[in-house]
Structures are given as C-alpha cells and as structure tokens.
Amino acid sequence: MVYSKRKLFSLSIILVLILSSGPVALAATDVGEDFCVIDIPINKVFNTNVKLPDLSNTIRDSSSDDIYALYDELMAQHPTYITKTLLGTESSPDALPIYKYEFKPIRPSTSIETKQAKYLIASGTHPEKMGVWALYKTMENICNNWREDELLEALRFNVCFIIIPVVSPWSYDYNSRTNYNGVDIARNFSAGWKESKFGSNTYGGPSPFSENEAKLVYQMMLENPDLLGVIDFHNFFGSKDNYIFLWGVCANQYTRNICMSLIQRMDRKWKREYPFINQDMDCFIGNTEGIASGGSMAAQAHEMGFKGALTFEVCERVSADKSGSKHDSNALTMAYEAFINFLLMLTIEFTKN
C-alpha cells in the first residue's frame with residue numbers, strides 16, 4: 001500500500017501524541033470479560049485418599065453445637081483460610097445460632113478483584129446427619145490432605161466455599177423435619193412456594209420466607225451474585241429398590257446432566273472396588289431428577305439464575321452392602337468421595353470459557 005505525504009504526516013502526528021501522553025488506560029471491555037481460571041488440571045476421577053472411620057455413634061448422637069465445634073477446630077488450624085460469621089438465629093425460643101464458614105483462598109495481590117469459582121453449600125436443612133457429616137469431611141480433607149492429592153489441592157486453592165453447616169439447628173437437634181414452628185425450611189423459599197396444610201411434614205409456612213432459616217440463606221444468595229452454584233446437601237433413608245445411594249434433585253439441565261455423569265462415573269468406580277455393588281452395566285447406584293420442589297433452596301437458586309442449583313443427596317447407609325449399617329465407614333467414605341467428584345465435575349463445566 002502506498003501512502004501520500006499528507007497521510008504519512010498525519011500518522012506521524014498521531015504517533016507523537018500517543019507517545020507523549022503516557023500510558024493509555026484501556027476500558028474493561030478492551031481487555032475481555034473476566035472469567036474463572038483453575039491452575040491445576042481437574043479432569044480426573046478423585047480416589048479417596050483415606051478410608052474414613054466408622055463414626056456411626058458419633059454421627060447419630062451429634063448436635064448442632066458439635067458440628068460448629070468441628071468447623072471451629074478447622075478454622076483454628078487454618079485461620080487465614082477460614083472465617084466464621086454469625087448470620088442470625090433460627091425461629092424458636094431457643095434462638096439457636098446459624099453460622100456461615102467461608103473457605104477463601106488467598107490469591108496473589110492485584111489492582112482489581114478477579115473472578116473466582118465460588119459455591120454456596122448448605123446442609124442440615126433437615127436433621128439428615130449423613131449429609132451434614134459428609135460435607136464436613138469434604139471440607140476437612142480439602143483443608144488437611146491437599147498435599148497428598150492434586151485434585152484436593154485444586155479445590156483448596158482455586159475455589160471459594162461458603163458453607164452453612166446447619167441451616168436449621170433446632171430441626172437437627174430435635175430430629176424433626178420441620179422447625180419449631182412446624183415449617184419445612186425446604187419448602188419456605190419463594191420460588192414455586194405453594195400454600196399447604198399446617199401439620200404436614202412438607203408444610204411451607206404461612207408465607208414465603210416466614211422463617212429466619214430460609215431468609216438467612218436467601219440473603220447469602222443475594223450477597224453473592226457471582227456464585228457458580230448453590231447446593232443443598234441432604235441424605236435420604238432408603239429407596240424403593242433398596243439399592244440407590246446417590247440422588248440428584250436438579251433444578252435445571254446443567255445440574256441434571258452433570259449428576260447423570262457423576263452417577264455413571266461413581267458406579268463404574270465402585271463396581272471395581274466393592275464386591276457388593278451390582279456388576280450389571282445396566283444397573284446404576286444412583287438416579288437423578290429434573291424437578292426441584294417448589295419452595296426449595298434449589299428452586300430459589302435456579303430462579304435467581306445460578307447454573308448450579310440442586311439438592312444433592314446420599315443415602316444414610318449403603319443398602320447394597322448387606323453387612324453395612326447407618327453412617328458406617330463405607331457409607332461416609334462413598335458419600336464424601338462422590339461429593340468431591342461432583343464438585344470437580346461441576347467446576348470443570350462451569351469454568352469453561
């Protein structure tokens with residue numbers, strides 16, 4: 001291309017002006033959209049680094065205070081990683097506290113805040129102790145055993161976890177599906193809330209967010225619009241065919257597809273490791289659903305636009321293990337192992353550019 005003397009002179013003037021004006025600040029749109037980066041490959045199957053002990057009696061007899069004590073001990077061991085905040089109290093005369101624990105990796109200093117993978121994970125919405133303990137064991141191993149496993153290391157240093165260990169402390173302590181007011185907190189959120197009959201186990205309250213427990217969780221969603229997912233960790237007590245161990249109650253296509261892949265992954269893995277698992281390739285140890293109950297935490301998260309929105313459930317015992325029992329070593333180990341793999345799969349899918 002041939003430039004005229006007039007055009008060359010104009011280009012020279014523009015270049016002089018740019019060089020003499022110093023650094024040019026670029027608008028945010030000029031440098032691209034912010035996104036999450038994971039600094040270790042995580043597209044592998046997590047194999048539990050340690051067989052968890054049989055904690056049947058400990059789990060059975062535990063209270064909300066015991067759960068908080070476990071998290072407090074973790075926080076004392078990792079004070080720069082974990083912080084504790086009192087969110088409020090539950091809806092009873094006991095006014096039992098509801099805490100959140102934030103597991104936030106320290107990152108290299110930067111002049112601006114950059115995006116980080118983040119999840120809100122709750123348990124103890126009902127008095128389902130396997131879910132509460134499997135979540136605690138997940139966080140304990142991420143904290144203490146990351147040096148022995150690069151997948152735990154990836155979660156420890158790349159993902160922020162906001163944990164509400166016991167959403168409904170009164171329910172947990174008194175072994176009641178409903179809270180002191182007779183309300184099922186898993187039906188008290190506004191998304192899909194339905195009027196129901198007082199006295200039933202799924203009574204959703206006189207109105208959406210009538211209970212402090214649901215209000216406080218909702219507030220966490222509002223305060224963290226950058227969440228990749230909201231997971232309500234439960235356990236169930238058996239299945240129709242007395243075999244299912246994993247169950248995903250999903251609010252959207254994203255989580256349903258990931259749960260289906262997780263069940264396939266864990267089924268193949270456990271077929272190799274446990275002789276009591278059905279070896280037929282058309283028989284699976286889990287299932288998933290695409291409909292989150294109205295008034296549930298998952299329905300609320302989906303309505304608010306969070307991709308990861310589901311109730312993640314494990315069974316309190318491995319029904320396929322005829323010699324097993326509630327909360328035994330196999331059940332706790334398999335529950336924790338499955339949840340770590342679910343977090344890895346969720347993070348892989350939700351941090352793709």
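# Close-up views of the predicted model

**View A. Arg265 and its surroundings.** The side chain of Arg265 reaches the backbone oxygen of Lys44 at 3.5 Å; a polar contact is a pair of N or O atoms within 3.5 Å, where, within protein, one must be able to donate a hydrogen and the other to accept it, and residues adjacent in sequence count only if both atoms are side-chain atoms. The model is predicted, with local features requiring pLDDT of at least 70 and side-chain atom pairs counting only at pLDDT 80 or more, whereas totals for chains, interfaces and linings use all residues. Residues are numbered from 1 along each chain as its sequence is written, and side-chain values use heavy atoms, with hydrogens and water left out. Arg265 lies in helix H8 (helices, H or I with at least four residues, and strands, E with at least two, are DSSP runs numbered from the N terminus). Arg265 is buried (under 20% relative accessible area; exposed means over 50% and partly exposed in between, with a 1.4 Å probe and protein chains only) yet has no salt bridge, defined as a side-chain nitrogen of Lys or Arg within 4 Å of a carboxyl oxygen of Asp or Glu. The nearest side chain of opposite charge, that of Glu349, is 8.3 Å away; Lys and Arg count as positive and Asp and Glu as negative, while His and the chain ends are not counted.

View B. Asp267 and Lys271 meet through their side chains in a salt bridge (2.4 Å, N to O). Asp267 is buried at 1% relative accessibility, as is Lys271 at 7%. A further salt bridge joins the side chains of Lys269 and Glu337 (2.8 Å, N to O). Lys269 lies in helix H8 and Glu337 in helix H10, so this pair ties together parts 68 residues apart in sequence. Both Lys269 and Glu337 are buried. Salt bridges with shared partners join Lys269, Glu273 and Glu337 into one network.

**View C. The salt bridge between Asp61 and Arg60.** The closest N and O atoms of this pair are 3.0 Å apart. Asp61 counts as exposed, at 52% relative accessibility. The whole structure contains 11 salt bridges.

**View D. The loop position of Asp226.** Asp226 is found between helix H7 (212-223) and strand E5 (229-236). Its relative accessible area is 33%, so Asp226 is partly exposed. The side chain of Asp226 makes a polar contact with that of Lys118 (3.0 Å). Asp226 and Lys115, 111 residues apart in sequence, are 8.1 Å apart in space, C-alpha to C-alpha.

**View E. Positive phi values at Ala95 and His327.** Most residues other than glycine have a negative phi. Ala95, in the loop between strand E1 (82-89) and strand E2 (97-103), has a positive phi of about 50°. Ala95 is partly exposed, with a relative accessible area of 36%. His327, in the loop between E8 and helix H10 (329-350), has a phi near 60°. His327 is buried, with a relative accessible area of 7%.

**View F. Glu211 in the loop between helix H6 (169-174) and H7.** Glu211 is buried, with a relative accessible area of 4%. The C-alpha atoms of Glu211 and Phe189, 22 residues apart along the chain, are separated by 9.1 Å.
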